[in-house]
Amino acid sequence: MRPPRSSIHAVSIWVKRQPPKVKAFLAVVSGMTALVFLRFIVHDHDNLFVAAEAVHAIGISVLIYKLMKEKTCAGLSLKSQELTAIFLAVRLYCSFVMEYDIHTLLDTATLGTTLWVIYMIRFKLKSSYMEDKDNFALYYVLVPCALLALVVHPSTSHNILNRVCWSFCVYLEAVSVLPQLRVMQNTKIVEPFTAHYVFALGVARFLSCAHWVLQVLDTRGRLLTALGYGLWPSMVLLSEIVQTFILADFCYYYVKSLLGGQLVLRLPSGVV
């Protein structure tokens, strides 16, 4: 068992020593390799979206287990949960008035569990909430997302308010994890259940991004045309990519820590 771990350790040290441009290049190459791999092994790429929802559900289950079993919310960001509840509520509204489908039911269940988590943090487990570490100002993401939604939104025949709301929830979802990353940046030590939850978010968002990218490739770009004209189709795809790369660095250290047999994740300075 030691040789593989030594090799992994050596590779991780080599990667860590590389300049930012090389790290970015390696991240892009790794992402492209994973996309090619998924394209060949997953024949129906819609399954990737289902898998993303399933992994997200697993992450939420881990979070619920942490709150119920350990009776503590230490390390969790209330603000990230509130941003999640906001974009889910807006997306549910859009689903009801624009396109009611199975995802409406999934979002309803996710919103319900998210509101429960918020309730637990605010009231039942308030004594363990790290309010001083959860210091990301929500207007840093809410205001830019709202302004961007007013400028770039779908060009469909729906009511303008509904179109702006839809674009707002797409943009907000992409950055809703930032307060959670700030908490982990402030504490530098991430306990197992929180690490599992955030890693599940990272995997879910990568699968969702892969679903969109592969769908665009399979349709030779026709999917982007179907979404409308102007900047909106590109912004949808860009939002998926952004929310994947936001968590990429954390996921790397999570896997490294897991392979090294460390239960508690310690983040170096500058990560997330």
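Helices (DSSP runs of H or I, at least four residues) and strands (runs of E, at least two) are numbered here from the N terminus. This is a predicted model, in which local features need pLDDT of at least 70 and side-chain atom pairs count only at pLDDT 80 or more, while totals for chains, interfaces and linings use all residues. Residues are numbered from 1 along each chain as its sequence is written, and side-chain values use heavy atoms, with hydrogens and water left out.

**Annotated spans**

- An unreviewed UniProt entry carries the annotation "transmembrane region" for several stretches, including residues 193-214 and 234-255; such annotations, given in the numbering used here and with shortened feature names, may be inferred rather than shown by experiment.
- Residues 193-214 are 100% helix and 0% strand, with end C-alpha atoms 31 Å apart, and residues 234-255 are likewise 100% helix and 0% strand, with their end C-alpha atoms 31 Å apart.

- Ser77 sits in the loop between helix 3 (46-69) and helix 4 (78-98), and it is buried, with a relative accessible area of 0%, where buried means under 20%, exposed over 50% and partly exposed in between (1.4 Å probe, protein chains only).
- Setting aside residues up to four places away in sequence, Ser77 touches Asp134, Pro179, Gln180 and Val183, contact being heavy atoms within 4.5 Å.
- Pro179, Gln180 and Val183 are among the buried residues of helix 8 (residues 178-187), and just after helix 8, Lys188 takes a positive phi of about 70°.

**Salt bridges**

- The structure holds 4 salt bridges, each defined as a side-chain nitrogen of Lys or Arg within 4 Å of a carboxyl oxygen of Asp or Glu.
- One of them pairs Lys66 with Glu191, the closest N and O atoms being 3.0 Å apart; because Lys66 lies in helix 3 and Glu191 in the loop between strand 1 (189-190) and helix 9 (192-218), this pair ties together parts that are 125 residues apart in sequence.
- Asp107 and Arg91 meet in another salt bridge (3.0 Å, N to O), which links Asp107 in helix 5 (residues 102-124) to Arg91 in helix 4, 16 residues apart.
- Arg91 also meets Glu173 (3.1 Å, N to O), and since Glu173 lies in helix 7 (residues 160-175), the pair ties together parts that are 82 residues apart in sequence.
- Salt bridges that share partners join Arg91, Asp107 and Glu173 into one network.

- The side chain of Glu240 instead makes a polar contact of 3.1 Å with that of Ser208.
- Gln243, also found in helix 11, counts as buried at 2% relative accessibility, and its side chain makes a polar contact of 3.3 Å with that of Arg205.

Key
Polar contact = N/O pair within 3.5 Å; in protein donor to acceptor, adjacent residues only side chain to side chain.
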